[in-house]
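User: Please examine the structure shown below and answer a set of questions about it.

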Amino acid sequence: MENPSGFLSEFYISFWIPTAVFTVALVIKLPSIIRLWRDPLLRAVGALLLLACAVFVFCAPSTIARVNRLTGVPNIAAPWCYSLITAFCGSCLLLLITWRDGRSAAARRAKRWVVSGYSGVIVALWVLFLLADAPAERLRDLDTYYATTPFMREEILLYLLAHAVACLITCRLIRDWVRAEGPDPWLRRGLRLLGAGYLLNLVFAAAKLSAVGARWCGRDVDWLSTDLAPPVAAVSAILVAVGFVLPHAGQYLHDRRRVRLAHRELRPLYRLLRAASGEGVPFVLRATPELRLTRRETFIRDVLLVLGRHLDAGLGRRAYAAALGLGHPPERARALAAAVSILDAVERRAAVPGPAGPAAGTDTAGLLREIGAVSRALRCPADLAAVRAAAVPAEAVTVPE
């Protein structure tokens with residue numbers, strides 16, 4: 001088979017790209033981690049993202065060369081990088097166990113096993129390196145170059161197996177979780193990206209193990225380790241980083257969009273009541289969308305309470321019956337009737353500014369609960385005109401544009 005290393009080299013992805021992605025993910029999560037430091041889940045997320053950044057920083061060939069040069073020990077970056085990868089794998093398992101069921105006794109036992117097992121692997125990696133003889137510095141192909149060297153051979157196999165086992169277990173946990181009923185849509189999307197990322201991690205481990213195994217058999221397929229595995233690891237890291245951030249960022253953007261839509265939905269009713277009262281909500285430059293929505297809702301309810309003295313309960317009942325007669329469903333009919341009542345009250349207040357006292361049975365509380373539906377009804381002047389004309393045939397109907 002022709003060596004595909006030249007073809008694969010065209011798809012080289014710098015290790016600094018996934019480092020940047022993980023850094024952005026960490027920056028997004030950091031405020032929540034600091035604010036809720038006692039939350040073990042957030043601490044686990046922070047540790048994992050920090051370890052992921054460290055893995056790609058220290059596994060970059062330029063960083064490997066600097067570490068070797070600064071310490072004066074050839075290839076000492078190898079056990080350091082292997083330790084970071086192993087710690088990252090263990091952190092992934094700890095995070096998923098904590099994320100899904102971190103408070104149960106079974107979860108606590110599983111976390112103890114993970115910590116003890118992967119800590120033991122890290123210790124063994126350093127012991128094996130101290131026993132090995134690896135004088136020739138290798139920046140990109142150390143796994144295959146020393147695949148048959150005593151103790152280095154065992155070290156390389158140990159870290160790859162630990163990585164593969166962690167990815168297999170993680171994929172299984174993610175698959176079971178995605179199939180469960182619990183996750184919300186954003187969490188489900190994030191889990192699917194995590195699953196794809198860890199599947200690619202398995203491809204990375206398989207490529208490395210295949211290249212090492214081929215060396216044991218006297219064959220040379222080093223391109224699997226040096227040219228295929230690195231870009232696979234980079235793409236995997238990007239998917240994992242996005243998978244961790246997506247549930248948080250997606251829910252945040254969803255909530256922000258919902259607040260903005262609710263704020264815009266109240267605009268017709270706000271404008272009507274602002275014109276009726278002669279004042280509005282003062283503009284605050286640094287107000288958050290949530291605060292602007294709260295201030296607009298409060299203003300509308302305050303004005304409606306004052307306007308309640310001018311509401312005509314009889315008109316409201318006739319408008320509701322008229323809306324039903326025109327074919328509107330009950331919920332829509334109630335909103336149209338309330339809008340007609342408010343328009344009539346605004347005109348009454350403008351004509352007779354003094355106190356009027358509400359008619360018996362006026363449901364001001366109902367209006368306060370349904371301001372969103374009433375505001376939507378004000379966006380349909382044709383429907384309002386038809387309902388108002390049917391409710392008060394002899395009255396000249398005027399509906400604001």
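This is a predicted model: local features need pLDDT of at least 70, side-chain atom pairs count only at pLDDT 80 or more; totals for chains, interfaces and linings use all residues.

User: Which helix gives the most residues to the lining of the largest pocket?

Analyst: The largest pocket holds about 630 Å³ of space and is lined by 36 residues. Helix 3, helix 4, helix 5, helix 7, helix 8, helix 9 and helix 10 each give two or more residues to this lining. The greatest contribution, eight residues, comes from helix 10.

User: How many residues in the lining of the largest pocket are nonpolar?

Analyst: The residues nearest the centre of the largest pocket are Phe15, Cys59, Ile85, Phe204 and Lys208. Of the lining as a whole, five residues are charged and seven are polar. The nonpolar residues number 24.

User: How far apart are the end C-alpha atoms of residues 156-174, and what share of the span is helix?

Analyst: An unreviewed UniProt entry lists residues 156-174 under "transmembrane region", and residues 76-97 are also on that list. In the model, residues 76-97 are 95% helix and 0% strand, with end C-alpha atoms 32 Å apart. For residues 156-174, strand accounts for 0%. The end C-alpha atoms of residues 156-174 lie 27 Å apart, and the helix share is 100%.

User: Within what arc do the buried residues of helix 17 fall?

Analyst: Helix 17 covers residues 381-391, and its buried residues are Leu384, Val387, Arg388 and Ala391. In an α-helix there are 3.6 residues a turn, so residues three or four places apart point the same way. Viewed down the axis of helix 17, the buried residues line one face of the helix, because they fall within an arc of 95°.

User: Against which helices do the buried residues of helix 17 pack?

Analyst: The residues concerned are Leu384, Val387, Arg388 and Ala391. Their packing partners are helix 13 (313-325), helix 14 (330-351) and helix 16 (371-377).

User: Is Asn75 buried or exposed, and what is its relative accessible area?

Analyst: Asn75 is placed in the loop between helix 4 and helix 5. Although Asn75 is not a glycine, it has a positive phi of about 70°. Most residues other than glycine have a negative phi. Buried means under 20% relative accessible area, and Asn75 is therefore buried, at 1%.

User: What is the relative accessible area of Phe151?

Analyst: Phe151 lies in the loop between helix 7 and helix 8. Its phi is positive, about 70°, although Phe151 is not a glycine. Phe151 is partly exposed, and its relative accessible area is 37%.

How values were computed: Residues are numbered from 1 along each chain as its sequence is written. Side-chain values use heavy atoms; hydrogens and water are left out. On a 1 Å grid over the protein atoms alone, a cavity is a set of points where a 1.4 Å probe fits but cannot get out, and a pocket is an open set with protein on both sides within 12 Å along at least five of seven lines; lining residues have an atom within 4 Å of a point. Grid points are joined across faces, edges and corners, and a volume is the space filled by probe spheres set on the points. Helices (H or I, at least four residues) and strands (E, at least two) are DSSP runs, numbered from the N terminus. Ala, Val, Leu, Ile, Met, Phe, Trp, Tyr, Cys and Pro count as nonpolar, Asp, Glu, Lys and Arg as charged, and the others, Gly among them, as polar. UniProt positions are given in the numbering used here, feature names are shortened, and annotations may be inferred rather than shown by experiment. Buried means under 20% relative accessible area, exposed over 50%, partly exposed in between (1.4 Å probe, protein chains only). The arc is that of the directions from the helix axis to the C-beta atoms. Contact means heavy atoms within 4.5 Å.
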